[in-house]
Amino acid sequence: MRSRLEASDHLTPFVGRRIGAGLLLDCWSHAQEGRGGGVVVTAEPGIGKSRLLFTLHDRIHGRFA
Ligand SMILES: Nc1ncnc2c1ncn2[C@@H]1O[C@H](COP(=O)(O)OP(=O)(O)OP(=O)(O)O)[C@@H](O)[C@H]1O
Ligand SMILES: [Mg+2]
């Protein structure tokens with residue numbers, strides 16, 4: 001287990017974040033085309049930064065890949 005999200009056996013259904021997720025998926029596409037860059041995800045504690053990245057990782061690679 002690398003994070004508390006992976007350690008959890010039940011996650012609440014993922015809601016919202018369509019714009020943020022879309023922006024990050026665009027960045028992923030750019031990176032695959034050789035136009036990689038850095039993204040800083042910053043917000044108040046507990047707002048869902050890790051869950052957003054966890055969900056995107058899951059969508060791109062499959063759960064826990
Ligand atoms: N979009 C969402 N839909 C449903 N649940 C969410 C969503 N975003 C976050 N959560 C839930 O809220 C809780 C806190 O989220 P998370 O750990 O991602 O916050 P964080 O911003 O990374 O916090 P920290 O700054 O402490 O690292 C988790 O239980 C997570 O599953
Ligand atoms: Mg976090």
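Predicted model: local features only at pLDDT ≥ 70, side-chain atom pairs only at ≥ 80, totals over all residues.
Helices here are DSSP runs of H or I at least four residues long, numbered from the N terminus. Residues are numbered from 1 along each chain as its sequence is written.

Let's start with the largest pocket. A pocket is an open set of points on a 1 Å grid over the protein atoms alone, where a 1.4 Å probe fits and protein lies on both sides within 12 Å along at least five of seven lines. Its volume, the space filled by probe spheres set on points joined across faces, edges and corners, comes to about 320 Å³. Lining residues are those with an atom within 4 Å of a point, and this pocket has 16 of them, with L24, C27, W28, V39 and I60 nearest its centre. Both α2 (18–32) and α3 (49–61) put in at least two residues, but α2 gives the most, with six. By class, the lining has nine nonpolar, six polar (Gly counts here) and one charged (Asp, Glu, Lys or Arg) residues.

Now move to the second largest pocket, which holds about 150 Å³ of space. Its lining runs through R4 and L5, then P45, G46, I47, G48, K49, S50 and R51. Here α1 (4–7) and α3 each supply at least two residues, and α3 gives the most, with three. The classes split into three nonpolar, three polar and three charged.

Methods. Chains lettered and ligands numbered in written order. Heavy atoms only, no water.
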